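Subject: Structure handover

Hello,

Here is the structure I said I would pass on. My notes on it follow below.

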Amino acid sequence: MNADLAARIEATWAAVQADTAAGIDVETVEEAIAALDLGEVRVAEPAEPGAPWRVNQWAKQAVLLYFRVRGLETTESGPFEYHDRLPLKHGYAEAGVRVVPPATVRYGAHVEPGAVLMPSYVNIGAWVGAGTMVDTWATVGSCAQIGADVHLAGGVGIGGVLEPLQAAPVVIEDGAFIGSRCIVVEGVHVGARAVLGAGVVLTGNTPLIDPRGSEPVEYRGRVPAGAIVVPGSRAREFPAGTYGMPCGLIIGERTSATDDKVALNDLLRDFGSSLS
């Protein structure tokens, strides 16, 4: 089914890009967004367990086409008025999802059973896994992929991506803990059970440094599974002097001992950070 749907989306995308008279196949676009909403299609997924993730560019094409076929509509909820192109997600009770007002999820995002959404925002194309907590004022950007049993603490910003089509979205794998006010953008891949202490900012080009050995080990664009990360800085020379540039520092790895939140917070505080 998905191969046929992908082919039809790619055909209508090509027609639009070529500016032919064919126009957009609205029915196919609606079908694709419905599949994203139900979790039958994902914008990105591992080819197999443990393998690198692949981006389904056609699913992103469908999202971009959906904006074109939807007109602006005014909706009201109590005293609030909205004017937007996309409808909101519905059917939380049937899906087994807890949603605390005024949390907002756009139609076309998928949320798995057992997830809890505090007042937060989840954009179209995103995936939120089973048992995940999206805490107050956290945002999950378009097409971001959040695994199962993840905790996105208060004010976390997970970046979205629609273009370029081949660009990978942010991926947060199962069991990760993202501390308060962290920002993760530009397709950064956070491995399973990793911990980001409060205030860590990771872009695709931010150095993530493991200084625990005799020589530093540097990563960019990914956080190793189980790593415990705190905000750091690294000196850099400029014509006007030496200044600190932001980086992430790996201070440890999750173990059965650090899985206790109190113990984990104590470890983070030893390095001037915390979970929240």
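Leaving aside neighbours within four places in sequence, valine 190 is in contact (heavy atoms within 4.5 Å) with Val171, Ile172, Glu173, Ala176, Ile178, Val184 and Val223. The model is predicted: local features need pLDDT of at least 70, side-chain atom pairs count only at pLDDT 80 or more, and totals for chains, interfaces and linings use all residues. Residues are numbered from 1 along each chain as its sequence is written, and side-chain values use heavy atoms, with hydrogens and water left out.

Val190 also belongs to the largest nonpolar core, which has 46 residues. Such a core is a set of buried Ala, Val, Leu, Ile, Met, Phe, Trp, Tyr and Cys residues joined through side-chain atoms within 4.5 Å. Buried means under 20% relative accessible area, exposed over 50%, and partly exposed in between (1.4 Å probe, protein chains only). The members that touch the most others are Leu152, Ile158, Ile172, Ile178, Val190, Leu196 and Val223. Two or more residues come from each of strands S17 (177-178), S20 (195-196), S25 (227-238) and S26 (241-253). S25 gives the most, with four residues. Helices (H or I, at least four residues) and strands (E, at least two) are DSSP runs, numbered from the N terminus. Another core, of 24 residues, lies apart from this one and includes Leu5, Ala32, Ala35 and Ala59.

Next, a hairpin. Strands S3 (residues 73-77) and S4 (residues 80-84) run antiparallel and are joined by five bridges; strands count as paired if DSSP finds at least two bridges between them. Glutamate 76 has glutamate 81 in S4 as its bridge partner. Two residues separate the strands, and glycine 78 in the turn has a positive phi of about 60°.

- Proline 119 sits between strands S8 (116-117) and S9 (121-122) and is buried, at 11% relative accessible area. Its C-alpha is 4.9 Å from that of threonine 136, 17 residues apart in sequence.
- The peptide bond from proline 101 to proline 102 is cis, with omega near -5°. Proline 102 is in the loop between S5 (98-99) and S6 (104-105).
- Glutamate 163 and proline 164 are also joined by a cis peptide bond, with omega about -5°.
- Cysteine 143, a residue other than glycine, has a positive phi near 75° and is buried at 0% relative accessibility.
- Glutamate 186 has a positive phi near 60° and is exposed, with a relative accessible area of 58%.

Regards
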